[in-house]
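Here is a protein model to look at, with some questions about the terms used for it. Each answer sets a value against its cut-off.

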Amino acid sequence: MFFAPKAGAQVVDLTFEGVFTGTSSGATSLTTALSPLLGTGSFNVGLSLDRGVTGSPFFEGGTLYRALSNVSSSFSGFTSTHEGCTSPSEFFCTVRVFNRTGLSGTGSDVFNVFSDVGRSTALETASGSTRQLTFQFMFLLNDFLGTTLSNESLALDLTTQNLDLIFSQFTVFAPTTTGVFERADFGLQLRAIRPSAVVPEPSTYALVAVGLAGVGIVGRRRRHARLAFEQAPQ
């Protein structure tokens, strides 16, 4: 099971942490402008994954879940804004799950996470780009032995997986005058997947306050009773 902030919750919050590897490929103009800025800096990506959604068959087999929200990220000293997964597609704001039989059969187990589109105006300025740059984080678990998954649900706990099985990538897109997008891919090395710290809802704070007030009242009553006993004639 995924880490859940409270019993019975369907939404889990995860943080992906790691560093850029310094490797890149794709459009020369983008890699030349961005490689010095990204370097081997660190990245931090937070997201929520909804285990309660219903998946649909994927055209390559497997199951496609439109299950991601609340994506946030920072990388190499830059902070970013995200679209918010308002229009998930097959390649954005989704998780793809393939339960296969591995080397002995027809393919590998796959649990691929595709974030939504992000943007950093500071990155655009630093790169000297006159075009709006958008980007996406991808975390692709591929087990060629086919032993990681037992089904195609979202029940896999990513926080306990072998990080060497997870290929990670940062992809940048830039529009051209012809209406298509140039693309550059930058390698990532994942160092940890952790449960995100959960901020209690206001109602939770209210319940805690009521509980503490009750504890204080009980404590005062006990102190008063003890003083009355001590001061009573013997």
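Q: Where does L145 lie?
A: L145 lies in the loop between β11 (134-143) and β12 (166-175). The model is a predicted one.

Q: Why is L145 called exposed?
A: Its relative accessible area is 55%. Exposed means over 50%. The value for L145 passes that cut-off, so the residue counts as exposed.

Q: What makes L145 part of a nonpolar surface patch?
A: L145 makes the patch with L103 and F144, and the patch covers about 380 Å². A patch residue needs over 30% relative accessible area and no salt bridge. Nonpolar side chains are joined within 5 Å.

Q: Why is β11 said to be largely enclosed by the rest of the structure?
A: Nine of its 10 residues are buried. Buried means under 20% relative accessible area. With nine of 10 residues in that class, β11 is largely enclosed.

Q: How do you know that β9 and β11 pair?
A: Two strands pair if there are at least two bridges between them. Strand β9 (residues 109-114) and β11 have six, so they count as paired. Their sense is antiparallel. D109 stands opposite D143 in β11.

Q: What makes β11 and β12 a pair?
A: The cut-off is at least two bridges. β11 and β12 have eight, in the antiparallel sense, so they pass. The bridge partner of M138 is Q169 in β12.

Q: How do you know that C85 and C93 form a disulfide?
A: Their sulfur atoms are 2.5 Å apart. The cut-off is within 2.5 Å, so the pair qualifies. A disulfide is a covalent bond between the sulfur atoms of two cysteines. A search of the whole structure finds one disulfide.

Q: Is the link of C85 and C93 left-handed or right-handed?
A: The link is left-handed, with -90 degrees about the S-S bond.

Q: Are C85 and C93 buried or exposed?
A: C85 is buried, and so is C93. Each therefore falls under 20% relative accessible area.

Q: What share of the protein chain is buried?
A: Buried residues make up 40% of the 234 residues. The chain has three helices and 13 strands.

Q: How much of the accessible surface belongs to carbon and sulfur atoms?
A: The share is 57%, out of about 12700 Å² for the protein chain.

Terms used. Residues numbered from 1 in each chain as written. Predicted model: local features only at pLDDT ≥ 70, side-chain atom pairs only at ≥ 80, totals over all residues. Heavy atoms only, no water. Helix = DSSP H or I, 4+ residues; strand = E, 2+ residues; numbered from the N terminus. Buried < 20%, exposed > 50% of the residue type's maximum accessible area, 1.4 Å probe, protein only. Areas by Shrake-Rupley, 256 points an atom, 1.4 Å probe, with all protein chains shown as cover. Patch = residues over 30% accessible without salt bridge, like charges linked within 9 Å, V, L, I, M, F, W, Y side chains within 5 Å. Salt bridge = Lys/Arg side-chain N within 4 Å of Asp/Glu carboxyl O.
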